[in-house]
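Me: I am new to this structure. Please show me how to read it, feature by feature.

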Amino acid sequence: MTDVPGRPPRRDPAEPATELTVPFTGAGEDPDRVRARMERAAALLRPDAGEPVATIHTDHWREARESARRGRTRLARLVTRLLEHHERGWEFVRPLALAAEEAGGWARGADAASAMYRFTKVEIVDLYRYNAFRCAEMVAARRVGDRPPSMDDVDAETDAFYRCVQLLRLASAHPLAPPEFRVLAEHSAGLDGWYAEFGGVFAPAAEAFHRRLGGRGG
C-alpha cells in the first residue's frame, strides 16, 4: 500500500447516490446471522479493534505530526491542532475502514451490500485519508516553490466527504440494508461534531500556511 494516498477517482456527483439506490434484494437474513454481523460490527467500534491497512497512521503521517509538534511557529501550532482534529475524526471513520477490509468480495458483487461497501471504501475512507494527508503536507511545503496543497480543494472535498457520510447513514436506515451498517452508521454520527468544528480548525491553519508561503512569517 502506498504510504501517502492519492485522490480517489473523480466521478460524477450523482454516482455515489446512485450506487445507494440499487434496489435492496432479499427480505432479510437468518436472525442468527444478523445478530452475528451486528455483534462483529459493534466489536469494530472498540479502541482495541486495531487499525485497518488503509489507515492515516502511516510513517509519513507520524513524521508530519512530530515535525509540527517540534515547530515553534504559529503555523506549526495550528497545523498540529488540525492534524489532531483529523485523528479525532479518524476514530469514527476507522470502524468503517475495518468493516470494508473485512468484507471479502465486496468489490465484485452486484448486490446492495457490495455497493455499500464500495461506497464506504471509496467515498468515505479513501476521501477522508486523502484530505487528511493533504493537510499533513502543510508541514513540509513551507517554502516558496514547494507545491502546496490546494486549500480550496481540501475544504470542498471535506464537504463532499461529509455528504457521503450522510448518504450512507440514510441508506443504512433502510430495513433491507446490510444489518451491520446500522451499527456502523450510528457510530459515524460522531462525525457531525467533527465536521461542524472543522472550519474553525482548518481556516486558521490554511491562512497561516499561505502567509508562510508568501514569505510574510507565520
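Reply: Start with confidence. The mean pLDDT (the predictor's confidence in each residue, from 0 to 100) of the protein chain is 84, and 82% of its residues reach 70 or more. This is a predicted model: local features need pLDDT of at least 70, side-chain atom pairs count only at pLDDT 80 or more, and totals for chains, interfaces and linings use all residues. Residues are numbered from 1 along each chain as its sequence is written, and side-chain values use heavy atoms, leaving out hydrogens and water.

Me: Where in the protein chain is confidence lowest, and where highest?

Reply: Where pLDDT is low, the predicted coordinates should not be read in detail. Here the lowest confidence falls in helix α1 (residues 14–19), with a mean of 58. Helix α4 (residues 74–102) has the highest, at 95. Helices are DSSP runs (H or I, at least four residues), numbered from the N terminus.

Me: How do α6 and α8 cross?

Reply: Compare their axes, which are lines fitted to C-alpha atoms over the stretch in contact; angles run from 0 to 180 degrees between N-to-C directions. The axes of α6 and helix α8 (residues 191–213) come within 10 Å and cross at roughly 175°. The two helices are therefore roughly antiparallel (over 145 degrees; under 35 is roughly parallel, 65 to 115 roughly perpendicular, the rest oblique). By class, their contact has eleven nonpolar, two polar and four charged residues. Ala, Val, Leu, Ile, Met, Phe, Trp, Tyr, Cys and Pro count as nonpolar, Asp, Glu, Lys and Arg as charged, and the others, Gly among them, as polar.

Me: Which residues join α6 to α7?

Reply: Look for contact, meaning heavy atoms within 4.5 Å. From α6, Val165, Leu168, Arg169 and Ser172 meet Phe181, Arg182, Ala185 and Ser188 of α7. That contact has four nonpolar, two polar and two charged residues.

Me: Is Thr120 buried or exposed?

Reply: Buried means under 20% relative accessible area, exposed over 50%, and partly exposed in between (1.4 Å probe, protein chains only). Thr120 has 1% relative accessibility, so it counts as buried. Thr120 sits in helix α5 (residues 112–140). Beyond neighbours within four places in sequence, Thr120 touches Leu96, Val125, Leu168 and Phe181.

Me: What about Ala49?

Reply: Ala49 is partly exposed, at 27% relative accessible area. Ala49 lies in the loop between α2 (31–44) and α3 (59–70). Ala49 and Pro95 are 46 residues apart in sequence and 8.3 Å apart in space, C-alpha to C-alpha.
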